[in-house]
Amino acid sequence: MPGWLAGLVVAALLVVALGCLFASGTSMSCMAGNREVACPPPPTNAAGLGVDDKFAFTNQALDGNGSITAKVGALTSTITYPPPNHNQIVPGILPWSKAGLIVKNGTGPGADYAAVLLTGAHGVRMQSAFTHDQAAPGFASAKEAWLRLSRSGDNITGYVSADGTTWQKIDTVRLDGLPAAVRIGLFVTSPGGLTVDEKPQGGHAVAVRFTQSTAEFSQVSPASGWNDTLVGYGDYRTGWEQTHPPGHTESGGVITVSGSGDIAPLTDGVAVERILTGVFLGLLPLIVVAVLWGTAEFRHRMIATTLVAMPHPARVAGVKALVAWLASLIAGLVAVGVTLPVTTRILHANGVILLPVPWPTTVRVAVGTALLLSLAGVFAYGMGILLRRAVPAVVAVTALLVAPPILAVTSVLPPDLGAWLLRLTPAAAFAIQQSIPAYPQLSLPQTTFDGYYPLSPWAGLAVLALYAVAAVAAGTRRLRREAS
């Protein structure tokens with residue numbers, strides 16, 4: 001028993017120590033012109049999610065209900081070359097560049113909004129609250145379209161038309177608490193151009209290039225009263241923008257708008273689960289302790305005595321599995337409860353800003369990590385009473401639970417096979433730690449190497465729970481058969 005308790009303490013200490021080591025070796029800074037400065041915190045939406053909110057906004061006030069209509073087309077982009085020719089800018093098109101109509105609760109970054117828009121390669125869509133994305137049927141490859149956005153109270157409805165006469169509804173979204181006075185207008189975004197360099201040892205390196213997109217708006221209603229607001233731009237301008245400033249120009253009834261940035265959830269940064277990567281190493285002593293908890297009576301030939309004292313194999317296995325679960329859960333809660341506040345303070349001292357997420361997500365990551373450790377303990381105990389020998393049981397549990405995430409981010413396995421491993425093995429449970437879900441409307445890579453799992457958080461944890469129950473059930477069945 002002292003050895004088992006010591007093993008649980010070591011598991012918790014490893015989680016804390018590796019978290020602190022990661023935080024101590026991580027720093028962050030930003031550039032303002034030629035000066036290195038502390039990075040400002042990113043804007044957040046109403047739910048507390050970190051967001052990108054930078055775009056050229058040609059806008060005016062809307063007091064009460066109303067609508068805005070325009071024909072949108074001629075969407076183009078200018079993209080810098082990757083090094084060594086990074087000073088050259090060429091025409092092109094970004095798949096997720098956007099041009100369209102928007103209703104926004106003010107002009108501050110992070111303010112709630114709804115928009116209907118034309119994209120560079122994904123057709124016409126309606127987006128809102130930074131995460132909602134609805135495609136317009138029949139306009140998947142549109143290069144120009146008539147768009148309309150109507151407000152009725154808190155409800156915003158987006159429409160699309162091929163000719164400006166027959167309108168098709170895309171979606172209606174509700175922006176709770178929308179004030180009477182909002183801003184409506186035309187907008188253009190241009191997310192960074194990506195160069196993804198796949199590494200032979202696994203994973204990839206991503207380089208982001210400056211881009212600016214331009215679109216033409218005609219037949220605009222209301223027809224006048226437009227002013228430019230550069231939402232989220234700050235004070236710094238690139239050399240290209242100094243000669244091609246963002247904003248709008250008007251000529252012959254056509255409004256041309258240019259802008260950079262994006263309106264989307266923020267995914268590039270340090271996620272909260274990064275400071276809990278010590279769980280991988282902490283699992284090793286935990287697995288050993290739980291396996292020994294299952295094999296000790298067989299190794300010392302005491303199982304017969306136990307069954308004489310309690311002649312119910314299912315009850316014996318169930319009670320011991322419960323003890324393994326509780327002991328592992330307590331160790332996990334202590335490890336997470338110490339790691340999160342301590343490492344967060346270290347990161348803040350180093351100028352590092354964690355990706356903001358809603359507080360229920362942080363709670364899910366913290367409690368889910370402790371549940372992952374507790375279910376790992378039950379699974380290891382079950383494999384112990386099933387295999388009866390400590391070394392094979394430890395190897396089997398480690399191979400099924402710890403190895404798949406490592407293999408999935410290296411070149412040892414093809415990417416698709418690695419993703420299937422994280423669906424079918426107990427390692428699927430690591431999805432419970434993913435704080436930022438994958439968003440299909442983003443151009444950044446979203447692979448297992450980038451911290452994305454193929455299953456949802458609770459579905460992944462459920463896979464481990466099924467393995468744990470199956471292992472204990474199989475071990476109990478063998479024990480019952482031998483006892484009879």
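1. A salt bridge here is a side-chain nitrogen of Lys or Arg within 4 Å of a carboxyl oxygen of Asp or Glu. The model is predicted. By the salt-bridge rule, the count comes to 6. K71 and E144 form one of these bridges, with N and O 3.8 Å apart. This pair links distant parts of the chain, 73 residues apart. K71 sits in strand 5 (residues 66–80). E144 sits in the loop between strand 10 (132–135) and strand 11 (145–152). K71 counts as partly exposed because its relative accessibility is 26%. E144 is partly exposed too, with a relative accessible area of 47%.

2. Next, the chain as a whole. The chain has 484 residues, and buried residues make up 47% of them. Its secondary structure comes to 10 helices and 21 strands. Along the principal axes, the C-alpha atoms fill a box of roughly 95 × 50 × 40 Å. The accessible surface is about 21,700 Å². Carbon and sulfur atoms account for 62% of that surface. Take the contacts between residues at least 6 apart in sequence: 73% of them join residues at least 24 apart.

3. Two further salt bridges deserve a look. D133 and R125 meet at 2.7 Å, N to O. R125 is buried, because its relative accessible area of 14% is under the 20% limit. D154 pairs with R174, and here the closest N and O atoms are 3.7 Å apart. The D154–R174 pair links distant parts of the chain, 20 residues apart. D154 lies in the loop between strand 11 and strand 12 (155–161). R174 belongs to strand 13 (residues 168–174). Is D154 buried or exposed? D154 is buried, at 18% relative accessible area. R174 counts as exposed, at 53%. Shared partners join D154, R174 and D176 into one salt-bridge network.

4. Look next at helix 5 (residues 313–349) and helix 6 (residues 359–387). They pack at an angle of about 145°. Their axes are 7 Å apart. The crossing is right-handed. On the helix 5 side, the contact residues include V316, A317, A324, W325, S328, G332 and L340. On the helix 6 side, they include A366, T369, L373, S374, G377, Y381 and I385.

5. S328 is buried, with a relative accessible area of 3%. Which residues does S328 touch, leaving aside its neighbours within four places in sequence? They are L286, L373, S374 and G377. Among these, L373, S374 and G377 belong to the helix 6 side of the contact.

6. Helix 5 also carries V334. V334 counts as partly exposed because its relative accessibility is 46%. Together with I330, V338 and V342, V334 makes a nonpolar surface patch of about 310 Å².

7. V182 lies in strand 14 (residues 181–189). V182 counts as buried, because its relative accessibility is 2%. What does V182 contact, neighbours within four places in sequence aside? The list is Q60, A61, L62, V103, K104 and R151. K104 shows the reach of these contacts along the chain: V182 and K104 are 78 residues apart in sequence. In space, their C-alpha atoms are 6.1 Å apart.

8. Some backbone details call for a check. Most residues other than glycine have a negative phi, and most peptide bonds are trans. The bond joining S221 and P222 is cis, with omega about 5°. P222 lies in the loop between strand 17 (211–221) and strand 18 (227–231). A74 is not a glycine, yet its phi is positive, about 55°. A74 lies in strand 5, the strand that also holds K71. A74 is partly exposed, with a relative accessible area of 41%.

9. F130 also has a positive phi without being a glycine, at about 75°. Where is F130 found? F130 is in the loop between strand 9 (124–128) and strand 10. F130 is buried, because its relative accessible area of 2% is under 20%.

Note on methods
Residues numbered from 1 in each chain as written. Predicted model: local features only at pLDDT ≥ 70, side-chain atom pairs only at ≥ 80, totals over all residues. Heavy atoms only, no water. Patch = residues over 30% accessible without salt bridge, like charges linked within 9 Å, V, L, I, M, F, W, Y side chains within 5 Å. Areas by Shrake-Rupley, 256 points an atom, 1.4 Å probe, with all protein chains shown as cover. Helix = DSSP H or I, 4+ residues; strand = E, 2+ residues; numbered from the N terminus. Buried < 20%, exposed > 50% of the residue type's maximum accessible area, 1.4 Å probe, protein only. Axes fitted to C-alpha atoms, helices over the stretch in contact; angles between N-to-C directions. Left-handed = near helix turned anticlockwise from the far one by under 90°. Contact = heavy atoms within 4.5 Å.
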